[in-house]
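Please look over the sequence and the model shown here before reading on.

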Amino acid sequence: MNIDLRYAPHPDDAKGYDTAALRRHFLMEKLFQPNEIHLTYSTVDRVVVGGVLPTTDSVALTAPKEIGSPTFLARREMGVFNVGAPGRVVVDGTTYEMGKRDALYIGKESVDVRFESVDPTDPAKFYLMSTPAHARFETRLIRQDQAKTMAVGDGATSNKRVIYQYILPGVCETSQLVMGLTQLEPGSMWNTMPAHSHGRRCEVYFYFDLAENARIFHLMGEPTETRHIVVKSDELVISPSWSIHSGVGTSNYAFIWGMGGDNVDYTDMDWIPMETLR
Ligand SMILES: O=C(O)C(=O)C[C@H](O)C(=O)CO
Ligand SMILES: [Zn+2]
């Protein structure tokens, strides 16, 4: 396992960051390395995010020193999305077969977690996000057709999209983790505009299913101090609670959003009036 540590930046500092510093503090690249778990541990709400690309091996989740417990999930919960070819996750001997865009919630105190591909020449790609957990909730597989869906946006504003809510109350109970996937329709490029933040929670956007040369201009920062990070497929941006999280692509795309913090209420958002944005 490979894990890098990121500290939570203060917004007064972040407004002085140049492009390289913004990328160093908020962007994660190269999530998928063959037969390796590649993670970032952030002190922003103590989220851990990253990826696994199992090819020939069954890749086990181990607990690096940063986790501070004998097993990774001793005091944590985890959401896993497969964004690649068919694969399986084995949790304490139970096998969960996962097609593309299926999600698995893994409850606190799960001990032995392994990631595998069905075909090593066409591997699964597992995107992971973990948050601290105060209670154990049941491990469960949520297929895309079991997620709650919300069709939002408009062709006229180039933001027609479907929000799939997989890991949140009513679908899958958790301590604090909330996760889902948003798919932009062809011809729609804007996500999450009008923008919002939520002082109670951070949010991570993992973008995927973009063509090689397509890019997202991910917007972040305080509403009156917006900045952008240019992101390609299979990269993610961590937004602290003080930051907006929005983006515009050079084509349509999909992204997985995930939150950790003080509540699990998806609707708890601080909407930013357009005249406030700078
Ligand atoms: O497309 C969107 O809009 C989103 O997906 C918004 C996220 O779900 C979000 O920011 C939840 O707080
Ligand atoms: Zn949000």
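Strand β18, residues 201-208, is mostly covered, since eight of its eight residues are buried; here a residue is buried if 20 or more other C-beta atoms lie within 10 Å of its own, exposed if 12 or fewer, and partly exposed in between, with C-beta atoms placed from the backbone. Strands, like helices, are DSSP runs numbered from the N terminus (E over at least two residues for strands, H or I over at least four for helices). The side chains of R201, E203, Y205 and Y207 point one way from β18, while C202, V204, F206 and F208 point the other way, and all of them are buried.

The model is a predicted one, in which local features need pLDDT of at least 70 and side-chain atom pairs count only at pLDDT 80 or more, whereas totals for chains, interfaces and linings use all residues. Residues are numbered from 1 along each chain as its sequence is written, and chains are lettered from A and ligands numbered from 1 in the order in which they are written.

β18 is joined by eight bridges to strand β23 (residues 254-261), and the two run antiparallel; two strands pair if DSSP finds at least two bridges between them. Within this pairing, C202 stands opposite G260 in β23. β18 is also joined antiparallel to strand β21 (residues 235-239), by five bridges, and in β21 the bridge partner of Y205 is V237.

A further part of the model is an open sheet of seven strands with mixed pairing, in the order β1-β3-β4-β11-β6-β9-β12. Because β1 (2-6) and β12 (140-142) stand at the edges with a single partner strand each, one side of each is left without a neighbour in the sheet. Neighbouring strands of this sheet are turned by 15° against each other on average, direction ignored, where axes are lines fitted to C-alpha atoms, for helices over the stretch in contact, and angles run from 0 to 180 degrees between N-to-C directions.

Strand β11 (residues 126-132) is mostly covered, with six of its seven residues buried. It pairs in the antiparallel sense with β4 over five bridges, and M129 in β11 is the bridge partner of V49. Strand β6 (residues 76-82) likewise pairs with β11 in the antiparallel sense, over seven bridges, and there R76 stands opposite P132. β4 (residues 48-52) is in turn joined by five bridges to β3 (residues 37-42), again antiparallel, with L39 opposite G50.

Which residues surround ligand 1? They are R161, I163, G180, T182, N191, T192, E203, H245, W257 and M269, a residue being near a molecule or strand if its C-beta atom, placed from the backbone, lies within 6 Å of it. β14 (161-167) and β15 (178-184) each supply at least two residues of this shell. I163 lies in β14 and, because it has 19 C-beta neighbours inside 10 Å, counts as partly exposed. Residues up to four places away in sequence aside, I163 touches M150, V152, G180 and T182, contact meaning that the C-beta atoms, placed from the backbone, lie within 7 Å.

Taken as a whole, the protein chain comes to two helices and 24 strands. Its C-alpha atoms fill a box of roughly 55 × 40 × 35 Å along the principal axes, and 45% of its 278 residues count as buried. Among contacts between residues at least 6 apart in sequence, 73% join residues at least 24 apart.

Notes
Contact = placed C-beta atoms within 7 Å.
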